[in-house]
Amino acid sequence: MKRQIPLIITFSVGALLVLAMFIPHDPFAAANDELSVWFDIIASFAFILGGGNLLRIHGDKIYRRRRDWPYSIVTLGGFLLMLGAGLWSGAVSRGNAMAPGSLFQALYVAAYAPMMSTMYSLLAFFVASASYRAFRAKTREATVLLLAAFVILVGRTPVGYHLTSWIPQPFEFLEIPNLFGWILAYPNTAGQRAIMIGIALGIISTSLRLILGIERSHLGGD
Amino acid sequence: MTGVERIELWIGALLTLMVYSFLYRDNPFYKFAEHFFVGITAAYAMVLAFWNTLMPNCFGQIAPSLVGHVLPTAAENPANPVRWIPLLFGLLLLARLVAPLAYLSRWAMALVIGYAAGANFTRYLQSDFMGQVRSSMVPLLVRDAGGIAYGSSLSNLVLVAGLISALAYFFFSKEHTGMFGRASRFGIWTLMVAFGAAFGYTVMARVSLLIGRFQHLGRWLGDIF
Amino acid sequence: MSLLDRMKRIDRRILFLLMAAGVAIPLLFRPTLTVHPSPIVSRVFDKIESLPEGSKILMSFDYGPSTVPENQPMAEAIARHVLRRRLKLYMVSAWTTGQAQADLLIESVMRTDFTDRVYGEDWVHLGYKAGNQGMINAIFGAMRNLYTTDAAGTNVDAIPMMRDVQSLRDMDLIVDIASGFPGVKEWIQFAGDPGNIPVAGGVTAVEALLLYPYYPRQLLGLMGGLQGAAEYEAALVAKYPEYRDDSKALQIMGPQYVAHLLIVVFILIGNATYFAERRRQKRGRIAGGRS
């Protein structure tokens, strides 16, 4: 039972969605629309599950005084502060927690947004370091990669234009900005498309295996 | 700048500096910012999901008059008892937090996975497989008013040959030797050009974010001096 | 220690400092640079330019603060263009953070440059809904199934511009400003392709290359990264010069270019060091063999 019911649910829902694609009329179309909303609602519960897990893990860390446990207080403090502010702000603004001037919106602007963007911007420094230390023409393949990156980086700047603007008209396709456009439109598209087709075939076959119950690893053990 | 805006600017700038302190080395300021960020991120997503989806699309449709106290528009619609089903599955998902009942969350996962598999099966087939194959059917000999357009013909040849050879590289059921090996070699080169372009674009993206943060810090410094 | 050894062992923090200076110094001087729209960006501009007054544009905010410098200028340029042309703008979000970004855009565009445009008649903010591709699939069939209210909690039936909108098929164009999953790919898969609705994108540079295979048959056009945003702003300013001072992306292209060149210099020095080291090792081996 523990495995049979989930398998039946997966098959029914998956098969219904496939049918709705080929018979886009009611009742299949209506079922597709309603199932999409169910999916969105369950996805919302997943966020609550995430919050619950965070509480459990960090609460346990504090209780057992594990390594760096004081930082878990910071995590839980931030979590409860944002959660409380969000629930309160939504309750007083007809469900619009992000209403201008609300506490929740202020926390978003003051803390969430700056930290999120700073975390990602750190990568600019690591990319710079990697360019210096690791981006080497060690093999022929690596040289091709490096040359393409060079054309893309220089091609986006005015220097790219000035470096090759002397090239006579019949050979203007060799100018760096033109090479830049050509690389994106042809070899890049070919490579990206091959990866895309490969991924699509993988997803199509995995989806089929899931719907038919051949793939069961997501159900875990007993 | 209002008082609230000034406080927001200062908190944002100080948290930014705390995160950047990691560039020197790992330190308590960075760890504080990192842990605080994790906490508020989890709560932010929860709050938005609760007010924007759960309340209007689930609770508000099950008990309109009750939810109507905080969400007045919910009371304007009739009750929709069908929404008890996703609520039940949602609660089953939360059963994962209670060890003896954790197995029940598989039912909810089964619905989510069934939905994702069914939706992805058809959409990937249409857009990422058939669509891409169709877009690759291009003429290898292009003609224009002046005769054969050598540039366009060569470009299309690179596109088709690059695609087929890159796919050959991903085909592991046949040994990569002889003609097939040479094709797969050309495929690697095509992929390397794509990866090189990706590296260049990644640099652009990360630098843009850095500029954004420096602008924020600039506004803060402008407020001080 | 030789120069080669010093270059090899350079502290990464010096590289970090150089990078910071490479961005900060040009940011102080703000050099003005000319940007020309590329065909892939012009197609988005031309499409919006060609739509008849009152056409419906759905704009999805699928990004967060982490990519604001790239995504926000494109979103603002599109919103300005749409409202300037008196088209109807429907704003949604499949990202939790997208709703806040749309709120910021309302402050900087609607409440600044278009105070004469009426909420609910010219533009509407429907807000965030969970579900990723499920959200797109849900509104593809029936908009009201999911969007019963706008972001502020107003019943959608009370919003004039929502009266003749039943599903995504009623849209004349979808513009997705995105930086990952769900993003332009999902809008093509779940709305553009099945509904034959034109989809245009504005994405981060990291994302842009992955979308080229869809262009031009499944994807109308694409703004890729800060450069893409600057190109759209350039097209907008060329047609409507009154927006010259609002071009945020164009204003920061200078630091972007300098940082690119700095990275190129890093790559060149790194490789020069590598080849010099390899030659030294080869010489060492030959000398070792002779002795």
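A: Happy to. Let's begin with a term: patches are made of residues with over 30% relative accessible area and no salt bridge, where like charges are joined within 9 Å and nonpolar side chains (Val, Leu, Ile, Met, Phe, Trp, Tyr) within 5 Å. Accessible areas come from the Shrake-Rupley method with a 1.4 Å probe, and for residues only the protein chains shown count as cover. A salt bridge is a side-chain nitrogen of Lys or Arg within 4 Å of a carboxyl oxygen of Asp or Glu.

Q: OK, which residues form the nonpolar patch on the surface?
A: Trp10(B), Leu14(B), Leu17(B), Leu221(B), Ile224(B) and Phe225(B) form that patch, and together they have about 590 Å² of accessible area. Keep in mind that this is a predicted model, where local features need pLDDT of at least 70 and side-chain atom pairs count only at pLDDT 80 or more, while totals for chains, interfaces and linings use all residues. Residues are numbered from 1 along each chain as its sequence is written, chains are lettered from A and ligands numbered from 1 in the order in which they are written, and side-chain values use heavy atoms, with hydrogens and water left out.

Q: Which elements give two or more residues to the nonpolar patch?
A: Helix H1 (3-20) and helix H7 (178-224) of chain B do. The largest share, three residues, comes from H1(B). Helices (H or I, at least four residues) and strands (E, at least two) are DSSP runs, numbered from the N terminus.

Q: And Trp10(B), where is that found?
A: Trp10(B) is in helix H1 of chain B. Its relative accessible area is 32%, so Trp10(B) is partly exposed. The cut-offs are under 20% for buried, over 50% for exposed, and partly exposed in between (1.4 Å probe, protein chains only).

Q: New topic: what is the strand order in the open sheet of chain C?
A: Six strands run in the order E3-E2-E1-E4-E5-E6, and the pairing is parallel. Strand E3 (123-128) and strand E6 (222-224) of chain C are at the edges with a single partner strand each, so one side of each has no neighbour in the sheet. Two strands pair if DSSP finds at least two bridges between them.

Q: How many bridges join E1 to E2 in chain C?
A: Five bridges join strand E1 (residues 56-62) to strand E2 (residues 88-93) of chain C. As an example, Ser60(C) has Val92(C) as its bridge partner in E2(C).

Q: Are Phe104(A) and Tyr44(B) buried or exposed?
A: Phe104(A) is buried, and so is Tyr44(B). Ring pairs also link them with Tyr108(A), Tyr112(A) and Phe37(B) into a cluster.

Q: Back to salt bridges. How many are there over all chains?
A: The count comes to 23. One of them pairs Asp246(C) with Arg80(C), with the closest N and O atoms 3.7 Å apart. Asp246(C) is in the loop between helix H10 (225-239) and helix H11 (248-251) of chain C, while Arg80(C) is in helix H4 (residues 68-84) of chain C, 166 residues apart.

Q: How accessible are Asp246(C) and Arg80(C)?
A: Asp246(C) counts as partly exposed at 25% relative accessibility, while Arg80(C) counts as buried at 5%.

Q: What about Glu242(C), which residue does it form a salt bridge with?
A: Glu242(C) pairs with Arg84(C), with the closest N and O atoms 2.9 Å apart. Glu242(C) lies in the loop between H10 and H11 of chain C and Arg84(C) in helix H4 of chain C, so the pair ties together parts 158 residues apart in sequence.

Q: Last one: where are the cis peptide bonds you can show me?
A: One joins Asp26(A) and Pro27(A), with omega about 5 degrees. Another joins Phe181(C) and Pro182(C), with omega about -10 degrees. Pro27(A) is in the loop between helix H1 (4-22) and helix H2 (28-63) of chain A, and Pro182(C) is in the loop between strand E4 (173-178) and helix H8 (184-195) of chain C.

Note on methods:
Rings of Phe, Tyr and Trp (its six-membered ring) pair if their centres lie within 6.5 Å; planes under 30 degrees apart count as stacked, over 60 as edge-to-face and the rest as tilted.
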